[in-house]
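Please report on selected ring contacts and on one helix. Keep it brief.

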Amino acid sequence: MKVLLLKDPKEDDDRGQDPYIRELGLYGLEATLIPVLSFEFLSLPSFSEKNSGRCGTWPAHKMPLLLSGVQLSHPEGYGGLIFTSPRAVEAVKLCLEKANKTEAWETSLKEKWNSKSVYVVGNATASLVSKIGLDPEGENCGNAEKLAEYICSRESSALPLLFPCGNLKRETLPRMLKDKGVPMESITVYQTIPHPGIQGNLNSYYSQQGIPASITFFSPSGLSYSLKHIQELSGDSIDQIKFVAIGPTTARALAAQGLPVSCTAESPTPRALAAGIRTALQPHRC
């Protein structure tokens with residue numbers, strides 16, 4: 001049975017295969033991955049000591065407001081870090097390189113940040129955080145709301161938490177921290193845009209594979225960028241497709257579009273998603 005996942009393929013470090021394809025294959029499901037999002041890293045003067053160069057390709061006249069005084073080079077001014085996406089970690093790594101601060105990171109900054117809390121959502125983000133030498137915590141929370149609860153139960157510092165994020169970040173975590181009196185400073189480090197190959201890749205998939213048994217969405221933005229194409233390609237057969245969400249936020253976005261959510265993964269992991277899809281494709285859905 002063929003299933004479609006709207007995400008970037010990523011090879012497992014140990015086995016050389018995307019973990020979602022591997023886990024779904026264990027249930028006899030043939031998965032295809034199609035990326036629907038692209039990312040552009042923004043200029044980070046705050047991260048790189050007022051370096052005015054751009055890390056990405058965001059036009060200067062569209063540059064979003066970046067909070068002043070937010071500097072990775074000054075961990076003493078913050079109570080810790082928050083990462084809710086792999087892209088935010090990638091942006092930090094890129095801009096350390098662009099600002100020629102990789103050596104300073106390895107010799108002193110990394111250790112200073114590790115004396116504080118580094119909160120993350122999800123195993124993928126935690127893995128990248130570990131690769132830049134930081135010790136993540138909270139990865140098992142599964143989503144931003146649960147991470148906010150975790151942070152509020154632990155955080156007592158008067159210093160703000162530094163939150164590198166994307167332009168489409170949801171306000172759940174900042175609002176919950178604010179309500180609990182936990183100070184935080186956010187800085188926009190990347191923007192999310194539609195993948196240029198969405199339409200062509202979906203056309204190719206449908207012409208070669210036909211209507212998938214299920215389609216999994218990994219974010220509200222991925223849904224908004226791809227849904228029109230999926231509806232056009234599926235036609236009247238769209239009612240045959242089981243729509244699956246990686247988490248509750250994406251599930252709500254699906255429901256807002258009037259689409260039935262056959263299953264929401266219990267956690268944003270390949271194993272949980274594969275188990276959820278298998279159940280959704282059985283007579284008794286999850």
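Tyr 119 is buried (under 20% relative accessible area; exposed is over 50%, partly exposed in between; 1.4 Å probe, protein chains only). The model is predicted: local features need pLDDT of at least 70, side-chain atom pairs count only at pLDDT 80 or more, and totals for chains, interfaces and linings use all residues. Residues are numbered from 1 along each chain as its sequence is written, and side-chain values use heavy atoms, without hydrogens and water.

| Residue | Relative accessible area | State |
|---|---|---|
| Tyr 119 | 1% | buried |
| Tyr 150 | 25% | partly exposed |

The whole structure holds 6 aromatic pairs (Phe, Tyr or six-membered Trp ring centres within 6.5 Å; planes under 30 degrees apart are stacked, over 60 edge-to-face, the rest tilted). In one of them, the ring centres of Tyr 119 and Tyr 150 lie 6.0 Å apart with planes at 80°, so this pair is edge-to-face. Tyr 119 belongs to strand β5 (residues 117-120) and Tyr 150 to helix α5 (residues 144-154), 31 residues apart. Helices (H or I, at least four residues) and strands (E, at least two) are DSSP runs, numbered from the N terminus.

Now helix α7. It covers residues 198-209. Its buried residues are Ile 198, Leu 202, Tyr 205 and Tyr 206. Seen down the axis, they fall within an arc of 90° (directions from the helix axis to the C-beta atoms), so they line one face of α7. The face turned away from that buried side carries exposed Ser 207 and Gln 208. Gly 210 follows α7, with a positive phi near 85°.

Technical notes. Expected span 1.5 Å × (residues − 1).
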